[in-house]
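Here's a quick briefing to read alongside the model. Have a look at it first, then we'll walk through what holds the chains together and what else stands out.

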Amino acid sequence: MSISTTNTIADFAAAVRAELGDLTNREIQELTEGLEADLEERLAEESHDFSLGSPTEYAMELRDAAGISPQPPKRRQVFSLTLTESIQGWFNKTPGGTLVYEFALALRPVWWILRAVLAWYFVFERYLNPVSSLLLLFVLIFLSIQWGLKKWFTNKFFAAILLPLNLLALILLIPAQDVVMQRLDNYSNAEAMLQSWPDTEGLRLNGEEITDIKAFDVNQQEITGLTFTDQNGSLIETSGGVVETFFVPDILGMSSYEASTALGRANIPAVDFIYLDGANETNSVVVAVDPSTPGAMVTELDTVTVTLGMR
Amino acid sequence: MDSTQLLKGVLDVAVLAVIENEDGYGYDIVRRLKQAGLNEVGDASVYGTLRRLFTAGALTSYVVASEDGPHRKYYGISVVGTRMLAEQRKSWHAFSDNMTTLLTPRKLTSSLIKKGRN
């Protein structure tokens with residue numbers, strides 16, 4: 001047996017007892033004692049053919065058979081109660097209707113939360129600070145669930161205002177839809193804006209990334225070997241990293257071995273050795289260097305070309 | 001003929017009859033009545049009748065605890081109920097005989113037809 005069916009039986013029994021509300025508690029107990037158990041047994045036997053029918057008619061049949069006079073006309077008819085019972089009775093006329101009704105019953109908790117959120121947004125949210133507002137939202141959800149579970153607010157006044165309030169909440173769903181769509185749009189726009197913003201990491205000038213920094217003296221001569229720090233003493237590095245520079249030593253006339261050693265000491269990272277006709281590692285001297293100027297500066301990305309000829 | 005209306009008048013005796021030999025709880029009694037062919041009987045009518053017969057002293061009741069489900073309220077027939085059942089049986093048989101006689105096609109009709117021919 002499903003939980004929703006159990007709820008339906010409990011709801012039905014409660015509605016029948018409510019119909020007998022003008023009798024004493026003892027009379028109601030005598031008439032309805034074991035009602036839930038009997039209905040559950042019927043459900044187990046009849047399975048798909050089981051339907052509860054109208055609690056109002058059931059209560060009338062009970063009264064009639066028990067020889068109890070019909071309920072006196074109500075001075076104030078509670079419209080919400082009768083309409084709810086009518087709807088329930090209409091659905092429960094057929095097994096298919098019972099299925100739809102039970103499915104709707106299973107979704108009730110979602111509605112309880114939704115109507116609390118609607119009340120919070122349209123009535124209270126704008127008048128409170130964010131913390132109080134959020135707290136109130138949780139309180140409203142709790143109260144709405146308690147009301148839905150029939151734990152609290154069970155007297156006839158609340159039963160009578162339940163339907164109008166639910167209808168109002170349904171109507172408020174229409175503007176709420178717009179609000180939700182607007183919020184979603186704002187969120188998408190904000191996200192798009194964030195994505196379109198330039199990357200803020202690294203060293204930048206007017207939004208453009210700085211990949212290299214050079215320093216020059218008053219004579220427009222480049223000063224090398226400098227390091228830069230910010231106001232906190234942290235090293236400033238370009239996003240491309242620091243490109244190291246090296247001075248090419250004067251190696252003209254040196255043997256192949258001497259030239260290799262000198263270039264190694266100067267940390268020149270890449271060297272091409274070109275041997276002219278007949279020259280080799282043992283009989284050659286450096287006849288040309290590119291870059292040719294002694295003391296020229298190269299970076300770690302450059303290659304020094306050393307040409308060797310016979311002695 | 002609306003058997004539901006007929007049933008209303010005899011539900012008391014029907015209920016007393018099905019628990020004459022064995023006590024039963026609400027739905028159990030409904031089931032016994034249906035098994036006896038009274039398919040039109042409504043649950044609420046039976047429960048109401050049980051309450052009325054109990055108030056009139058025709059039934060006794062007691063609660064049986066159940067480990068699996070809710071407790072069950074059983075009804076049994078009392079001395080008053082047994083006497084009531086005996087009287088209603090007698091009334092029913094008399095009524096039933098009269099109705100059967102009334103509704104049975106009369107042989108007199110055919111003898112009258114013969115006389116008419118002569």
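Chain A and chain B share 8 salt bridges, where a salt bridge is a side-chain nitrogen of Lys or Arg within 4 Å of a carboxyl oxygen of Asp or Glu. Over all chains, the count comes to 16. Bear in mind that this is a predicted model, where local features need pLDDT of at least 70, side-chain atom pairs count only at pLDDT 80 or more, and totals for chains, interfaces and linings use all residues. Residues are numbered from 1 along each chain as its sequence is written, chains are lettered from A in the order in which they are written, and side-chain values use heavy atoms, with hydrogens and water left out.

**Where the chains meet**

- The contact (heavy atoms within 4.5 Å) takes 20 residues from chain A and 18 residues from chain B.
- Together the two chains bury about 1700 Å², with 45% of that on carbon and sulfur atoms; buried area is the accessible area (1.4 Å probe) that two parts lose on being put together, summed over both.

- A:Glu30 pairs up with B:Arg51, their closest N and O atoms being 2.9 Å apart.
- A:Glu30 sits in helix H2 (residues 25-32) of chain A and B:Arg51 in helix H3 (residues 43-55) of chain B, so this pair joins two chains. Helices (H or I, at least four residues) and strands (E, at least two) are DSSP runs, numbered from the N terminus.
- A:Glu30 is buried at 16% relative accessibility, and B:Arg51 is buried at 10%; buried means under 20% relative accessible area, exposed over 50%, partly exposed in between (1.4 Å probe, protein chains only).
- B:Arg72 and A:Glu41 form another salt bridge, with closest N and O atoms 2.4 Å apart.
- B:Arg31 meets A:Glu45 at 2.6 Å between the closest N and O atoms, going from helix H2 (residues 26-35) of chain B to helix H3 (residues 35-46) of chain A.
- A salt-bridge network links A:Asp38, A:Glu41, A:Glu45, B:Asp28, B:Arg31, B:Arg32 and B:Arg72.

**Inside chain B**

- Its 3 strands make an open, antiparallel sheet in the order S1-S3-S2; strands pair if DSSP finds at least two bridges between them.
- Strands S1 (24-25) and S2 (59-64) of chain B are at the edges with a single partner strand each, so one side of each has no neighbour in the sheet.
- S2(B) pairs with strand S3 (residues 72-77) of chain B over 6 bridges.
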